[in-house]
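I am keeping this notebook to record what I looked up, one topic at a time. The sequence and the structure come before my entries.

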Amino acid sequence: MTEWQDRVLAPFRRAVAHVVVALDPDRILLEERIYQALRAEGFDLLTYTDPIAFRNAYELGYRAPWDNGEATPRLIVRFTHTCPELVPYDLLQKGECIRITLAELFPGLEYRTVQALGSRHYDALYTAAQTLRGRRLGSNQTARFILEEVFSIRPDEIRTSIDLIALLCRIHYHHQTVPDILIDHCLETWGGRHDAGLPAIRDLFEYGAFMAYLQDEWAGYISGGDPAPAVPFDDDRLRSYIDTFFLEGALKPLSVPPSARVPEWAQCGVIRDHDAERVYRL
């Protein structure tokens with residue numbers, strides 16, 4: 001367990017009642033490791049949605065066995081809001097009420113921006129947030145903080161189209177998904193600086209769209225025709241990424257005519273007709 005997960009689990013481990021009411025609007029208890037840890041601690045987790053369905057499950061599966069002295073798991077009843085007054089009175093009387101939100105886990109960061117992240121990023125974000133030491137960041141500052149600390153993206157350092165393509169290659173090489181709210185911050189920072197010669201930059205943050213764009217550019221690169229492709233495949237910052245994309249099957253090798261001159265490093269992205277090449281050389 002990481003530090004943030006231990007912090008989430010601590011009040012449930014201290015709980016002694018059969019029933020614990022959890023106010024969890026951000027689905028924190030549904031994170032896989034949290035959920036498995038609660039199960040290991042002897043809890044069942046039941047999300048309150050439909051009152052009738054809940055009563056059927058609760059009364060027959062938990063309250064009646066407890067009243068009969070049967071040994072059954074303790075129960076966490078998860079609510080998707082933070083309003084105790086909306087919790088059925090008998091649950092509050094029988095158990096404890098625990099509230100857990102992203103605003104409490106990351107008090108120095110703007111809530112809506114943190115909400116846009118997936119739980120897989122909470123480990124890195126929680127560690128980075130400890131450096132804030134009580135400071136509170138606004139929405140733009142939070143977006144920049146998350147971009148730098150979680151995704152290693154510094155928008156101010158992306159000054160050319162080559163910088164941008166290299167960044168996008170790195171993002172998709174690591175199979176990262178950048179939330180829209182952080183892409184918005186990047187686009188505002190760049191202010192249209194990279195629009196020339198590229199399709200909609202927002203689309204290129206999507207894996208499939210970026211690979212389709214690279215595939216089209218690759219066709220222009222190996223053909224050696226005009227106009228020259230916008231992607232500088234010969235740039236040292238791109239070569240290793242492009243090679244991996246071909247090895248993984250994200251990009252498909254293309255056939256080239258016998259007369260085509262393709263650099264040695266780019267052979268992974270071409271299909272040669274060796275018989276035709278022998279005839280051409282002859």
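**Entry 1: salt bridges**

I began with the salt bridges, and the structure holds 17 of them. For this count, a salt bridge is a side-chain nitrogen of Lys or Arg within 4 Å of a carboxyl oxygen of Asp or Glu. I reminded myself that side chains of opposite charge can pair when their charged atoms come close.

Before going further I noted that this is a predicted model, in which local features need pLDDT of at least 70 and side-chain atom pairs count only at pLDDT 80 or more, while totals for chains, interfaces and linings use all residues. Residues are numbered from 1 along each chain as its sequence is written, and side-chain values use heavy atoms, with hydrogens and water left out.

Helices here are DSSP runs of H or I with at least four residues, strands are runs of E with at least two, and both are numbered from the N terminus. Arginine 55 is partly exposed, with a relative accessible area of 26%, and glutamate 59 is also partly exposed, at 22%. The cut-offs for these words are under 20% relative accessible area for buried, over 50% for exposed, and partly exposed in between, with a 1.4 Å probe and protein chains only.

Next I looked at aspartate 184, which forms a salt bridge with arginine 202, where the closest N and O atoms are 2.2 Å apart. This pair links distant parts of the chain, since aspartate 184 is in helix α10 (residues 180-190) and arginine 202 is in helix α11 (residues 201-204), 18 residues apart. Aspartate 184 has a relative accessible area of 29% and is partly exposed, and arginine 202, at 33%, counts as partly exposed.

Which kind of spacing separates arginine 239 and aspartate 236 in helix α13? They lie three residues apart in that helix (residues 236-248), about one turn, and their side chains meet in a salt bridge at 4.0 Å, N to O. Arginine 239 is partly exposed, with a relative accessible area of 33%, whereas aspartate 236 is exposed, at 63%. I also wrote down that salt bridges with shared partners join Arg55, Glu59, Arg63, Asp67 and Asp90 into one network.

Two packed helices are described by the angle between their axes and the distance between the axes. The axes are lines fitted to C-alpha atoms, for helices over the stretch in contact, and the angles run from 0 to 180 degrees between N-to-C directions.

Helix α9 (residues 161-173) packs against α13 at an angle of about 35 degrees, with the axes 10 Å apart. The residues in contact (heavy atoms within 4.5 Å) include Ile162, Ile165 and Cys169 of α9 and Leu238, Tyr241 and Phe245 of α13. By class, this contact of α9 with α13 has eight nonpolar, two polar and three charged residues. In this sorting, Ala, Val, Leu, Ile, Met, Phe, Trp, Tyr, Cys and Pro count as nonpolar, Asp, Glu, Lys and Arg as charged, and the others, Gly among them, as polar.

I then turned to α9 and helix α12 (residues 207-223), whose axes come within 11 Å and cross at roughly 125 degrees. That angle makes α9 oblique to α12, because angles under 35 degrees count as roughly parallel, over 145 as roughly antiparallel, 65 to 115 as roughly perpendicular and the rest as oblique. The contact is made by Ile165, Leu168, Cys169 and His172 of α9 together with Tyr207, Phe210, Met211 and Tyr213 of α12. By class, the contact of α9 with α12 has seven nonpolar, one polar and no charged residues.

**Entry 2: the inside of α10, and two distances**

Which residues of α10 are buried? I found Ile181, Leu182, Ile183, His185, Cys186 and Trp190, and these buried residues pack against α6 (111-115), α8 (139-149), α9 and α11. After α10 comes glycine 191, whose phi is positive, near 55 degrees.

Glycine 224 lies in the loop between α12 and α13 and counts as exposed at 60% relative accessibility. From glycine 224 to valine 262 there are 38 residues in sequence and 9.0 Å in space, C-alpha to C-alpha.

Proline 51 lies in helix α3 and, at 41% relative accessibility, counts as partly exposed. Proline 51 and tryptophan 190 are 139 residues apart in sequence and 50 Å apart in space, C-alpha to C-alpha.
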